[in-house]
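Here is a quick tour of one model, meant for reading with the structure open beside you. We'll go through charge pairs, then the ligand, then a bit of surface.

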Amino acid sequence: MGKALDGVRILDFTHVQSGPTCTQLLAWFGADCIKVERPGTGDITRGQLRDVPNADSLYFTMLNGNKRSITIDTKHPKGKELLEGLVKVCDVMVENFGPGVLDRMGFSWERVRQLNPRIILASVKGFGPGPYEDCKVYENVAQCTGGSASTTGFREGPPLVTGAQIGDTGTGLHLALGIVTALYQRTKTGRGQRVTAAMQDGVLNLCRVKLRDQQRLAHGPLKEYRQYGEGVSFGVAVPRAGNDSGGGQPGWILKCKGWETDPDSYLYFITQAPVWGAICKVIGEEGWITDPGYATPDARLSKLKAIFDRIEKWTMTKTKFEAMEILNKYDIPCGPILSMKELAEDESLRKTGTVVEVDHPKRGKYLTVGNPIKLSDSPSDVKRAPLLGEHTEEILTQVLGFDDKKVREFKESGALGGAKPMAAE
Ligand code: COA
C-alpha cells in the first residue's frame, strides 16, 4: 500500500528538535526526507548526550528516523550550487536556523521561490515579528515566554517548565500541519508559499485555557482553582494551579499504596459531576450524595481540598492499577502516573507502534516513539535514523541525476566534506 505523502520530497535543513520532529512526522507519512547536514559534525545533536561511544545519540536517532542524510557545506560555492539543485527538485524546504541564517546563506524566500515557484518554505523561529524576532530560542525559553511556565507549578513555588517538549515538538507539529495545508492549497493554485511557526505562538496556543482564565479573572475568582476553597485571593494574573484540572471537572493527583517508596505511585482523579454518586459510594461517603453541602458541583467548589483528601484516604489503600480498575467500572475518569520505565515496557504501546524498537548499525537496538497519528490507509513504518552522510552519493545520482564524473567533481571540490570522524562531545 502506498503512503499518504508518497511523491512529496522534503529538503530537510533542520537541526536540534523543533524542525526534525516536523520532518520526521512527514517522513513517517511517506515523504522522501533529505536531511542536509554540515560535513564532519552534522546535526549538533548527533554528538549531544551520547550514551554509546562513537554512536549517534538517542537525541538524534529518536528525532530523525525515516530520513536520508546528505552532507553539504552550504557556505562553499559548490555546496550552494548543490543546495540550489535540491531546491529546484523538492516540494518543501524546512529549516529552523537562527534568525537571518538562511538569508546570510543566500537562500532568502525571494531567492528560493525564484528557484522553484512551487516550493513551500517552512520555518520555525523562536518568536514572530516583534521585539524578540532576532533572538535564538530553545525549548524552555519558549515555555517561559509562551505562558506555560507562569501557569505551571504550585502557587507558593517558582514557575516550572514541563517535561513535555511543547516548545520544540509542539511547534514541529504546528509546522507540519502548516506544510500539509500549504501542499493542499498548492494542488489548487500551483504555487508554493511561506509557512512560519513561532515557538512562543505554539506554546501559547497549547496554553489557551490559561488565557481563557486570564479573562475570566476580570469577572471574579476562578472557583475551580483549589486556592478559591482555601480562601487565598487571586492576583492580577492567572496563578499556578498545582495539579488542578484546568477544566470544568475538578481533579487532583492522589497518593496510592506504595507512594512512600515509589515516586510514581499516584493517580490522577477527576470528580466528574455525572459520576459523583458512584465516587461517594466507592470511597464510603454515601451521605455526600444528598448532603446539600456536597450534592452539587457548585457546592463542592469551596471544599475541593477536603474532598480530595478524603478520596486520597481511599486511593492510599489501593495500588494505582487497582484503583484504576475499580474506578473504571463506574466510569470515573482517572489515570495512573506512568513512569517512563512503565511506558517503555507497555505491551499495548508496542503493539500499536507508538513505542517501537529499531536496529541501528552503530548503537544496536534502541527504542523510539513511533507515529502517534494513525492513518488507516497509510500506516507508519518506523525506520532507523541515517548515519551522517549515509546517502550523499545516492542523492547526487538518484535525485540530482549526476553521473560518476560529476559526483567525483563535487567530492573533490570539498563541498561534501571529507570522511572526518564524528565530533567529540
Ligand atoms: N554548511 C555550512 N554551514 C552551515 C550548515 C551547512 N550544512 N548548516 C548550518 N550552517 C551554519 C549556518 O549557516 C549558520 O552560520 P552563520 O551563523 O554564520 O550564518 C550556523 O551554521 C547555524 O546557526 P544557528 O541556527 O544560529 O545555530 P546555533 O547553534 O547558533 O543556534 C538555535 C541554535 C536552535 C538556538 C537556533 O538555530 C534557533 O534559534 N533556531 C530557531 C528556533 C528553534 O528552532 N529553536 C529550537 C531548537 S530545538
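## Charge pairs and the ligand

Lysine 67 counts as buried because its relative accessibility is 4%; buried means under 20% relative accessible area, exposed over 50%, and partly exposed in between (1.4 Å probe, protein chains only). Before going on, note that this is a predicted model, where local features need pLDDT of at least 70 and side-chain atom pairs count only at pLDDT 80 or more, while totals for chains, interfaces and linings use all residues. Residues are numbered from 1 along each chain as its sequence is written, and side-chain values use heavy atoms, with hydrogens and water left out.

So what does lysine 67 pair with through its side chain? Its partner is aspartate 12, in a salt bridge, that is, a side-chain nitrogen of Lys or Arg within 4 Å of a carboxyl oxygen of Asp or Glu. The pair links distant parts of the chain, with lysine 67 in strand β3 (residues 67-71) and aspartate 12 in strand β1 (residues 9-13), 55 residues apart. Strands (E, at least two residues) and helices (H or I, at least four) are DSSP runs, numbered from the N terminus. Aspartate 12 is buried too, at 0% relative accessible area.

The structure holds 24 salt bridges, including these:

| Salt bridge | N to O distance |
|---|---|
| lysine 67 – aspartate 12 | 3.2 Å |
| arginine 46 – glutamate 37 | 2.6 Å |
| glutamate 224 – arginine 216 | 2.8 Å |

Arginine 46 and glutamate 37 are both buried. In the last pair, glutamate 224 is buried at 13%, whereas arginine 216, at 33% relative accessibility, is partly exposed.

Now the ligand. Lysine 136 instead brings a polar side-chain atom to 2.4 Å from a ligand oxygen. Taken alone the ligand exposes 940 Å², and the protein buries 85% of that; areas come from the Shrake-Rupley method with a 1.4 Å probe. By class, the shell around the ligand has nine nonpolar, seven polar and seven charged residues.

Finally, leucine 173 sits in helix α7 (residues 168-189) and is partly exposed, at 44% relative accessibility.

Terms used:
Polar contact = N/O pair within 3.5 Å; in protein donor to acceptor, adjacent residues only side chain to side chain. Nonpolar A, V, L, I, M, F, W, Y, C, P; charged D, E, K, R; others polar.
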